[in-house]
Amino acid sequence: MGKILIAVCLCLSIIGCSKAEKLSSQETSQTQKRTLLIGLIPEQNIFKQIERYEPIADYLSEKIGVKIELKILPRYGNIIDNFVSLGLDGAFWGSFTYALAYNRLGLEVLARPQLLDGSSTYHGLIFVRKDSGIKTIKDLKGKRFALVDKATTAGYLLPIAYFKKHGIKDYRSYLKETYFSGTHEDAIYDVLNRKADIGAAKNTVYHRLADKDIRIVNELVILERSPNVPENGLAVRKNLDESIKKRLKDELLNMYISLKGREVLKNFGAQKFIETKNEDYEPVFKYAREIRLNLATYDYINE
């Protein structure tokens, strides 16, 4: 009888250990998943990008109980490839990168910021130095053009549409040189500092820099602007846990209610985040159709 009792106890002990190990394994797995990897596009230099987005990430981490780790990507186009290779859970996408990624990856957009001036969209600008003598498309012939990246609305689609509108079929042969600066900030300063004659960038970066550097106001002039497209929005993979998606979205949309949230938003340069849907990107899809760009097959790698 004693031997039977010992055997039963051993079995129960083994079963208990097995269950405990299984639970421990599940808890470890869940703990490992307690980090969300969110990508950022290189609008400006990486230090400024981190400085701007990190307080948002920290706020959301505290609110939803899941650590958010930011990944700055070196190029706009890379965000699509790296989304898969780095196992990213989401990203703050520019309007064109979102359009590309929506077609290729399948994403769910959650929210985008409404800026301090009340806008939740941006547009592209083409600009030159005031003393350049450039006023029309004819004046651009033989000049140097600083683009941003082939995967940007403001820094690539706008210039392509601009040349097409004015009957320039091959802008490369029309210009002396075109190159990709990599960031909107660099495109602006390349023109300001005479490295390039013409540049293209998004208006929010342009005006943010102009607020701090009076030379941009005094020495540059805008030639053209694009239609409005959605500000950089947070979009996540569709198979992300539904409860995490809901918490992320709810906390973003309700940030403006709390004092701490309002402080974080102010430093970010926004009043609040607003709900965003795929339909909001129709201007981008329309823009692509107008210049006959197939988003499913478009080669966004810079040459």
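Reader: What should the twelve residues of helix α10 span, and how far apart are its end C-alpha atoms?

Author: This is a predicted model, in which local features need pLDDT of at least 70 and side-chain atom pairs count only at pLDDT 80 or more, while totals for chains, interfaces and linings use all residues. Residues are numbered from 1 along each chain as its sequence is written, and side-chain values use heavy atoms, with hydrogens and water left out. Helices are DSSP runs (H or I, at least four residues) and strands likewise (E, at least two), numbered from the N terminus. The expected span is 1.5 Å times one less than the number of residues, so for α10 (residues 242-253) it should be 16 Å, and the end C-alpha atoms agree, being apart by 16 Å.

Reader: Within what arc do the buried residues of α10 fall?

Author: Buried (under 20% relative accessible area with a 1.4 Å probe, protein chains only; exposed is over 50%, partly exposed in between) describes Ile244, Lys245, Leu248, Leu252 and Leu253 in α10. Glu242 and Lys246, on the other side of α10, are exposed. Taking directions from the helix axis to the C-beta atoms, the buried residues line one face of α10, because they fall within an arc of 155°.

Reader: Which elements do the buried residues of α10 pack against?

Author: Contact here means heavy atoms within 4.5 Å. By that criterion, the partners of the buried residues of α10 are β1 (35-40), α2, β2 (67-72), β4 (107-115), β12 (233-237) and β13 (270-275).
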